[in-house]
Amino acid sequence: MRVNGHHTRSIRLDDDGARVVIVDQTRLPHEFVTRHLASAEDAAQAIRDMWVRGAPLIGATAAYGLALAMMEDESDANLARACALIGEARPTAVNLAWAVGEMRALLGPMAPIERPETAYAAAATIADEDVAINSSIGDHGLELFRAFAAHKKHGETLNILTHCNAGWLATVDWGTATAPIYKAFDAGVKLHVYVSETRPRNQGASLTAWEMANHGVPHTLIVDNSAGHLMQHGMIDLVVVGTDRTTANGDVCNKIGTYLKALAAHDNNVPFYVAAPSPSIDFSIEDGLRQIPIETRGAEEVTHVSGLTRAGRVETVRISPDSTAALNHGFDVTPARLVSGLITERGVVKARREALADMFPERIVKN
Ligand code: MRU
């Protein structure tokens with residue numbers, strides 16, 4: 001990711017080789033602030049309080065959190081405790097359970113003394129693999145975008161809609177939905193991105209818009225409710241979003257509001273693509289609506305908003321009556337039938353069980 005022209009990652013080891021450095025995403029876009037994580041508790045808090053967020057980055061943070069835990073105390077008891085603590089930090093993105101499962105399977109059988117070094121190496125591998133996966137998603141998405149630009153737009157600007165932040169900040173680097181955008185933009189494809197604000201936490205307004213501005217990608221912020229209207233007026237050529245968990249049959253769970261965009265896209269014949277790295281595909285479940293746990297977050301995220309005042313201070317204000325209750329489901333499920341294709345690191349695939357099984361045969365769960 002490019003921050004003020006310099007390349008960095010959203011998570012990395014500090015120069016001391018022990019502590020973990022993350023970007024505190026709750027401070028963006030007004031301030032770029034990094035924080036140090038020094039324990040499993042810090043990692044769990046960073047995930048829970050959304051200093052880090054986005055499915056792949058949550059997975060990488062969990063892996064580094066377990067490395068931090070092993071550095072403090074490499075015993076069996078501490079491994080079990082740290083896996084439980086970090087594994088429960090947020091429920092929906094499968095990358096968290098996936099990363100904890102990978103680390104536990106690796107560290108559990110080995111002699112405790114070997115665990116700290118192995119854990120750091122494994123966390124670094126998970127982070128590096130995420131970068132490689134997203135870069136491949138970018139390459140496949142670039143071809144898709146190029147084809148759209150050439151055959152549908154004939155050199156005119158390609159208008160892309162994205163929701164939430166499936167960008168650099170949601171991953172270790174590149175982003176998932178944004179990787180094709182960055183690669184296409186860098187390759188000279190004429191494009192423009194509509195960024196939907198993504199109430200209640202506004203990850204689109206505060207994170208995706210910030211990323212686009214940093215990369216120099218032409219973009220326009222829209223309110224969540226306007227996407228259908230823009231599609232009816234031919235202002236959106238394709239939609240690309242991320243995913244927190246995709247089932248074996250292609251149902252996609254992503255940030256709340258994704259489903260409504262998919263419905264509007266379907267009604268207006270706008271292609272709806274999901275950038276889906278394989279660690280976010282949960283091959284153990286089939287039915288997204290019934291089997292994916294949907295996170296419920298605090299009411300205050302709905303009843304209050306934060307922003308920069310004219311005086312230059314970040315302040316939080318209430319926007320609803322004091323006595324009004326609020327409901328805050330963080331994610332929704334888009335049925336596979338509304339998804340035009342999944343852009344994976346191995347190529348673009350239909351959101352169908354057989355197609356996914358053909359592309360990832362080694363992940364198929366045998367009964
Ligand atoms: O609640 P968040 O901000 O963690 O939700 C993030 C999203 O829904 C992203 O779109 C998703 O994780 C895909 S990230 C590449």
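A few ground rules come first. Residues are numbered from 1 along each chain as its sequence is written, and side-chain values use heavy atoms, with hydrogens and water left out. The model is predicted, so local features need pLDDT of at least 70 and side-chain atom pairs count only at pLDDT 80 or more, while totals for chains, interfaces and linings use all residues.

## Around the ligand

A polar backbone atom of alanine 55 is 3.0 Å from an oxygen atom of the ligand. For lysine 255, an N or O atom in the side chain is 2.7 Å from a ligand oxygen atom.

## A sheet and a hairpin

Helices (H or I, at least four residues) and strands (E, at least two) are DSSP runs, numbered from the N terminus. Two strands pair if DSSP finds at least two bridges between them. Strands of a sheet pair through backbone hydrogen bonds, either parallel or antiparallel.

Lysine 255 also has a place in a sheet: its bridge partner in β16 is phenylalanine 331. β11 and β16 run antiparallel and are joined by four bridges. They belong to an open sheet of four strands in the order β13-β10-β11-β16, with mixed pairing. β13 (281-282) and β16 (331-334) stand at the edges with a single partner strand each, so one side of each is left without a neighbour in the sheet.

Another pair is made by β14 (residues 304-308) and β15 (residues 314-318), which are antiparallel over five bridges. Leucine 308 has valine 314 in β15 as its bridge partner. Five residues sit between the strands of this hairpin, and glycine 312 there takes a positive phi near 90°.

## Empty spaces

Rolling a probe the size of a water molecule over the atoms shows where empty space is left. On a 1 Å grid over the protein atoms alone, a cavity is a set of points where a 1.4 Å probe fits but cannot get out, and a pocket is an open set with protein on both sides within 12 Å along at least five of seven lines; lining residues have an atom within 4 Å of a point. Grid points are joined across faces, edges and corners, and a volume is the space filled by probe spheres set on the points. By this rule there are three cavities of 30 Å³ or more.

In the table, Ala, Val, Leu, Ile, Met, Phe, Trp, Tyr, Cys and Pro count as nonpolar, Asp, Glu, Lys and Arg as charged, and the others, Gly among them, as polar.

| Space | Volume | Lining residues by type |
|---|---|---|
| Largest cavity | about 200 Å³ | nine nonpolar, 10 polar, five charged |
| Second largest cavity | about 100 Å³ | seven nonpolar, two polar, two charged |
| Largest pocket | about 650 Å³ | seven nonpolar, 10 polar, six charged |

Of the 24 residues lining the largest cavity, Arg53, Gly54, Ala55, Asn165 and Asp244 are the closest to its centre. α2 gives the largest share of this lining, three residues.

The lining of the second largest cavity includes Pro56, Trp98 and Glu129. Here α5 gives the most, with four residues.

For the largest pocket, Thr26, Pro200, Arg201, Val305 and Ser306 are the closest to the centre among 23 lining residues. Strand β14 supplies the largest share, four residues.

## Backbone details

Histidine 154 is not a glycine, yet it has a positive phi of about 45°. Histidine 154 is located in the loop between α5 and β6 (158-163).

Conventions: A polar contact is a pair of N or O atoms within 3.5 Å; within protein, one must be able to donate a hydrogen and the other to accept it, and residues adjacent in sequence count only if both atoms are side-chain atoms.
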